[in-house]
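Colleague: I would like to go through this model with you. Please give the cut-offs as the terms come up.

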Amino acid sequence: MEIIVQGKGIKYFSPDEVILDINFITKKNTYEEVLKEGIKDVELFIKEILIKNDFKKEDLKTRNFVIREETKYNQETNQYEPNGYSFNQIASLKFDYDKELLANMMVSISKLENAPRCQINFGIKNEKECQRDLLAMAYQDAEDQAKAIALASKKTLKCCQKVDFKPFTTDYVSQAGIGSEMMRAEKAYYGASQKIVNTFTPEDICLSETLYCLWIAEDE
């Protein structure tokens with residue numbers, strides 16, 4: 001007798017990694033001006049945020065960099081006209097979750113001249129270990145279901161003959177996040193970093209995995 005079941009593994013994980021997505025944005029009249037100012041903003045971030053918090057320059061990973069000519073629409077001429085240049089560099093910084101460090105960095109970023117836009121998310125460092133745990137849970141769930149079906153059919157479960165596994169589709173990032181708007185709001189308060197430490201806790205990450213298993217059952 002063939003028994004086909006769908007096993008599921010669901011588990012909550014506490015975030016242990018901070019993922020800081022940074023967007024440096026500068027706008028100037030000429031290409032040369034915007035390049036100079038954009039680089040200056042990035043270098044200031046490295047000096048005031050990275051180095052002072054014991055990071056290396058290489059820890060800041062650039063994902064995208066572009067300088068483009070901007071335009072604006074002229075309603076009188078019904079045409080788009082040149083409107084300076086924009087510098088846009090998107091980078092990310094990952095580090096172990098540390099409330100004190102995170103709070104201090106948030107406040108420091110808010111004080112930068114032309115502070116970059118930031119989004120802070122919380123993730124899991126060891127994704128493979130999480131996946132192994134979930135797959136083990138899914139397999140056990142499938143086996144328990146197959147045993148129940150075999151028992152109801154007065155048969156004995158023998159072996160799992162086939163397993164279908166779909167690649168991980170769940171995001172390893174918590175739904176809780178902090179935007180740069182919150183950072184700048186905190187700037188106005190005395191003891192802002194301690195206020196963040198005392199009030200902000202990232203939400204646990206719920207991950208799930210599914211296995212499709214073919215089991216063989218025989219007469220008792």
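Modeller: The face of α1 turned away from its buried side carries the exposed residues Glu32, Lys36, Glu43 and Lys47. Exposed means over 50% relative accessible area, buried under 20%, and partly exposed in between (1.4 Å probe, protein chains only). Helices (H or I, at least four residues) and strands (E, at least two) are DSSP runs, numbered from the N terminus.

Colleague: What are the sources and limits here?

Modeller: This is a predicted model, in which local features need pLDDT of at least 70 and side-chain atom pairs count only at pLDDT 80 or more, while totals for chains, interfaces and linings use all residues. Residues are numbered from 1 along each chain as its sequence is written, and side-chain values use heavy atoms, with hydrogens and water left out.

Colleague: Within what arc do the buried residues of α1 fall?

Modeller: The buried residues of α1 are Val34, Gly38, Asp41, Val42, Phe45, Ile46, Ile49 and Leu50. An α-helix has 3.6 residues a turn, so residues three or four places apart point the same way. The arc is taken over the directions from the helix axis to the C-beta atoms. Down the axis of α1, its buried residues line one face of the helix, because they fall within an arc of 135°.

Colleague: Is glutamine 89 buried or exposed?

Modeller: Glutamine 89 lies in strand β4 (residues 79-96). Its contacts (heavy atoms within 4.5 Å) include Ile22, Phe24, Val42 and Thr62, not counting residues up to four places away in sequence. With a relative accessible area of 11%, glutamine 89 is buried.

Colleague: How far apart in space are leucine 151 and glutamate 220, C-alpha to C-alpha?

Modeller: Leucine 151 belongs to helix α3 (residues 127-152). Leucine 151 counts as exposed, at 61% relative accessibility. In sequence, leucine 151 and glutamate 220 are 69 residues apart; in space, C-alpha to C-alpha, they are apart by 9.6 Å.
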